[in-house]
Amino acid sequence: SDMAVQSATAGGQPSGDQNFDYMFKLLIIGNSSVGKTSFLFRYCDDSFTSAFVSTVGIDFKVKTVFKGDKRVKLQIWDTAGQERYRTITTAYYRGAMGFILMYDITNEESFNSVQDWCTQIKTYSWENAQVVLVGNKCDMDAERVVSCDRGRQLADQLSLEFFETSAKENINVKAVFEKLVEIICNKMAESLDKQDPNQGVKGTKLDANTTQKPPSQQCNC
């Protein structure tokens, strides 16, 4: 975890824009056509188009946010949902500190695939990667097939944060990224506390919490 914390800091950047305190690599994953690209465009450009264009391979956008007094540069990767791109996209999992795992509330199959995507995260990513489960297209309530309760139950079962969102209506898009940044920052602080023997009670308390979690839940999956 020490290496992961170091690689997230600006000091670890070999060149380019140094004007930030941390850089987090985030991935948006999920079945094809659940709205991953629209979600990213809404967050970074505040734009939305209903025309569906399938993402080829992988693409990313950069956005800088503030967390307290820290400038956090987010490198957000938008992955293709189709199976044929899977070997390309999973190669990008390794350095990711956070995942937005998305399904479409009007598409049962995309919801049923959540467990498989979780397994992909466990298999290919850093064990401390943080994950938020997102049920997108909540503006399409008339076509809804996955209830909010089912989404929340699955998130609880997998120990994930959960949001229902709409890229179209701009519902909870910003909140998802803010929560993901927050849980990554908390995880980093926890790792640092564990390494510092002078942290006293705070460090011990965090250790006590983490030891209660079985190792399989380390990636929040």
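Ser-33 lies in the loop between β1 and α2, where helices (H or I, at least four residues) and strands (E, at least two) are DSSP runs numbered from the N terminus. The structure is a predicted model, in which local features need pLDDT of at least 70 and side-chain atom pairs count only at pLDDT 80 or more, while totals for chains, interfaces and linings use all residues. Residues are numbered from 1 along each chain as its sequence is written, and side-chain values use heavy atoms, with hydrogens and water left out.

The phi angle of Ser-33 is near 70°, a positive value in a residue other than glycine. Most residues other than glycine have a negative phi. At 31% relative accessibility, Ser-33 is partly exposed; buried means under 20% relative accessible area, exposed over 50%, and partly exposed in between (1.4 Å probe, protein chains only). A positive phi, near 65°, is also found at Asn-172, which is located in the loop between β6 (161–164) and α7. Asn-172 is partly exposed, with a relative accessibility of 33%. Asp-46, which follows α2, has a positive phi near 50°.

Within α2, the buried residues are Lys-36, Phe-39, Leu-40, Arg-42, Tyr-43 and Cys-44. Their cover includes the strands β1 (22–30), β2, β3 (70–79), β4 (98–104) and β5 (130–136), together with helix α7. Contacts are assigned to heavy atoms within 4.5 Å. When residues up to four places away in sequence are not counted, Phe-39 touches Ile-28, Ile-100, Met-102, Val-134, Asn-136, Thr-165, Ala-167, Val-173, Val-176 and Phe-177.

Nonpolar cores were defined as sets of buried Ala, Val, Leu, Ile, Met, Phe, Trp, Tyr and Cys residues joined through side-chain atoms within 4.5 Å. The largest has 28 residues, of which Phe-24, Phe-39, Leu-74, Ile-76, Ile-100 and Phe-177 touch the most other members. Two or more residues of this core come from each of β1, α2, β3, β4, β5 and α7. Helix α7 supplies the largest share, nine residues. A second, separate core of 25 residues includes Val-114, Trp-117, Ala-129 and Leu-158.

Ten salt bridges were found in a search of the whole structure, the criterion being a side-chain nitrogen of Lys or Arg within 4 Å of a carboxyl oxygen of Asp or Glu. One of them pairs Asp-46 with Arg-42, with the closest N and O atoms 2.8 Å apart. Arg-42 is buried, at a relative accessible area of 13%. Another salt bridge is formed by the side chains of Asp-45 and Lys-61, at an N to O distance of 3.0 Å. This pair links distant parts of the chain, with Asp-45 in helix α2 (residues 36–45) and Lys-61 in strand β2 (residues 58–67), 16 residues apart. Asp-45 is partly exposed at 40% relative accessibility, and Lys-61 is partly exposed at 21%.

In helix α7 (residues 173–195), Glu-178 and Lys-174 are four residues apart and therefore separated by about one helical turn. Their side chains meet in a salt bridge with an N to O distance of 3.7 Å. The relative accessibility of Glu-178 is 45%, which counts as partly exposed, whereas Lys-174 is exposed at 54%.
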